[in-house]
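Please open the model in your viewer and keep the sequence panel beside it. The tour moves from stop to stop, saying at each one what to select and what is there.

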Amino acid sequence: TYLIHDRDPLFVDETVQKTLETSGVKSLKIAPAAPNQNAHAESWIALIKSEILNKMIFTSQEQLDYCLRTYENYYNHFRPHSGLGGDFIDPFPQDEDGEIVCKEFMGGLLKSYCRVKKEPDIAA
């Protein structure tokens, strides 16, 4: 619905503005001389580009949407963050005495490790 951007000449271009308007997207400029206002968005975009977008070829909007949703889940629940001292934003609970299991995302492009309690084998 909205595109929040800096005052880069790319976004000021009349053709870009008309394209946004015809797509139903409202263009919102950040405040002038406020470089830190855009830092979090730029950091997030740089992470997605380096960890996903530069490594995959998408053939449809649905594929891109699926990968972005999957990455968001990975980022929030399974990716350690240096700014949090190696902790996760919203980790899933783990069993301290469980076996370490590798959880793969997007065909193994992204990996995370967690502890899962192994169920006893009753058939043996």
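This is a predicted model: local features need pLDDT of at least 70, side-chain atom pairs count only at pLDDT 80 or more; totals for chains, interfaces and linings use all residues.

Residues are numbered from 1 along each chain as its sequence is written, and side-chain values use heavy atoms, with hydrogens and water left out.

**Two helices**

Select residues 39–51, which form helix H3, together with residues 61–77, which form helix H4; the two pack at an angle of about 110°, with their axes 12 Å apart. Helices here are DSSP runs of H or I with at least four residues, and strands are runs of E with at least two, numbered from the N terminus. The axes are lines fitted to C-alpha atoms, for helices over the stretch in contact, and angles run from 0 to 180 degrees between N-to-C directions. The angle makes H3 roughly perpendicular to H4, a term used for 65 to 115 degrees.

Next, show the side chains that make this contact (heavy atoms within 4.5 Å): on H3 these are Trp44, Leu47, Ile48 and Glu51, and on H4 they are Leu68, Tyr71, Glu72, Tyr74 and Tyr75.

**The largest nonpolar core**

Now select Leu47, Ile48, Ile52, Cys67, Tyr71, Tyr74, Tyr75, Phe78, Phe105, Met106 and Leu110, the 11 residues of the largest nonpolar core. Such a core is a set of buried Ala, Val, Leu, Ile, Met, Phe, Trp, Tyr and Cys residues joined through side-chain atoms within 4.5 Å. H3 and H4 each supply at least two of its residues, and H4 gives the most, with 4 residues.

Within this selection, center on Phe78, which touches Asn73, Phe88, Phe92, Lys103, Phe105 and Ser112 when residues up to four places away in sequence are not counted. Then go to Met106, which lies in the loop between strand S3 (99–105) and strand S4 (110–116) and has a positive phi of about 55° although it is not a glycine. Met106 is buried, with a relative accessible area of 16%; buried means under 20%, exposed over 50%, and partly exposed in between, with a 1.4 Å probe and protein chains only.

**Two loop residues**

Which loop holds His81? His81 is in the loop between H4 and S3, where it is buried at a relative accessible area of 8%. Leaving aside neighbours within four places in sequence, His81 is in contact with Tyr75, Gly86, Asp87, Phe88 and Ile89.

Select Ile30 next, in the loop between strand S2 (26–29) and H3; at 9% relative accessibility, Ile30 counts as buried.

**Cysteines and strand S4**

The structure holds 0 disulfides, a disulfide being a pair of cysteine sulfur atoms within 2.5 Å. Select Cys102, whose nearest cysteine sulfur, that of Cys114, is 8.7 Å away. Cys102 counts as partly exposed at 33% relative accessibility, whereas Cys114 is buried, with a relative accessible area of 15%.

Not counting residues up to four places away in sequence, Val116 touches Asp95, Gly98, Glu99 and Val101.

Terms used. Angles under 35 degrees count as roughly parallel, over 145 as roughly antiparallel, 65 to 115 as roughly perpendicular and the rest as oblique.
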